[in-house]
Amino acid sequence: MKVLTRQRTWTLTVAVALTAAIAFAQQKPFTPEVGQAGKDVVWVPTPEEMVQKMMEMAEVTPQDFVVDLGSGDGRNVIAAAKRGAQSLGVEYNPDMVALSKRLAAEAGVPDKAQFVQGDMYQAEFSKATVLALFLLPSNLLQLRSKFADLRPGTRIVSNTFAIQDWTPDKTETIVGDCTSWCTAMLYIVPAKVEGTWRLPQGELSLKQTFQTVVGTLTAAGKSTEVTGKLRGTQITWSSAGQEYAGVVRGNQIEGTTRNGSGSTSWVATRAN
């Protein structure tokens with residue numbers, strides 16, 4: 001009887017210990033590990049100095065809505081919220097989402113830094129004014145068409161990796177002690193102007209590759225080459241030694257032409 005009692009006591013003790021260990025493990029806060037696998041990328045945190053550089057390059061203000069796709073531990077989203085912006089992180093790993101919410105609360109910005117669990121490729125981010133991203137080139141390429149459809153003037157700032165075939169509007173590298181993930185690239189979504197436009201000066205035909213435009217200006221039966229650039233809704237181009245500058249407003253461009261005696265105002269209307 002004593003043996004049986006001892007065995008039962010030992011069994012009960014082990015059971016209690018295991019239960020306590022399981023409970024402790026369940027209560028222990030999730031801690032991410034650098035390189036841990038995710039759905040589309042492994043997790044590598046953006047250095048804090050790069051986070052601040054990205055916020056500066058994108059000129060984040062309280063008027064912005066900042067989105068991070070694959071937001072990890074939420075540091076980009078929280079940094080934007082600290083600048084007063086409404087911000088959203090889309091993250092596939094639910095543990096990372098919970099961690100991000102906790103860190104946002106600790107930073108005092110839970111009302112401005114929001115996080116949702118979801119697939120970045122399926123996410124709705126059309127209202128973003130800024131995207132702050134740390135994604136692989138393959139991820140960026142898969143999202144590129146959605147980026148190009150964002151509202152003109154939307155700023156996209158990417159840590160280290162470029163968007164294929166899209167030349168950054170600005171590139172900055174952190175100097176000094178930075179040893180990895182030190183370069184950020186800024187892209188400004190351009191208005192879509194490819195097609196034919198009618199101006200008082202003649203007919204303007206444009207082809208567009210992201211923010212770069214080329215084409216011809218035809219006036220009085222003579223065609224001259226056009227080369228130009230877009231920065232959001234602002235467009236500039238040169239043709240036959242003259243400089244043109246305008247603002248794209250849907251199917252119209254309102255602009256001026258500089259010449260030796262001053263400038264001339266004009267309005268271009270989309271023909272197709």
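This is a predicted model: local features need pLDDT of at least 70, side-chain atom pairs count only at pLDDT 80 or more; totals for chains, interfaces and linings use all residues.
Across the whole structure, a search finds nine aromatic pairs. In the pair of Phe 161 and Trp 181, the ring centres are 6.3 Å apart and the planes stand at 55°, so the pair is tilted. Phe 161 sits in the loop between strand S5 (155-159) and strand S6 (170-173), while Trp 181 belongs to the loop between S6 and strand S7 (183-188), so their contact ties together parts that are 20 residues apart in sequence. Together with Phe 134, Phe 161 and Trp 181 form one aromatic cluster.

A further aromatic pair joins Trp 166 and Tyr 187; the arrangement is edge-to-face, with 5.3 Å from centre to centre and 65° between the planes. Because Trp 166 is found in the loop between S5 and S6 and Tyr 187 in strand S7, this pair ties together parts that are 21 residues apart in sequence. Both Trp 166 and Tyr 187 are buried.

Strand S12 (residues 234-239) pairs with strand S13 (residues 242-249) in the antiparallel sense, over six bridges; Thr 236 has Ala 245 of S13 as its bridge partner. Two residues separate the strands in this hairpin, where Ala 240 adopts a positive phi near 55°.

S13 also pairs with strand S14 (residues 252-259), again antiparallel, over seven bridges, and Tyr 244 is partnered by Thr 257 in S14. The hairpin of S13 and S14 has two residues between its strands, and Gly 250 there takes a positive phi near 65°.

Key
Residues are numbered from 1 along each chain as its sequence is written. Side-chain values use heavy atoms; hydrogens and water are left out. Rings of Phe, Tyr and Trp (its six-membered ring) pair if their centres lie within 6.5 Å; planes under 30 degrees apart count as stacked, over 60 as edge-to-face and the rest as tilted. Helices (H or I, at least four residues) and strands (E, at least two) are DSSP runs, numbered from the N terminus. Buried means under 20% relative accessible area, exposed over 50%, partly exposed in between (1.4 Å probe, protein chains only). Two strands pair if DSSP finds at least two bridges between them.
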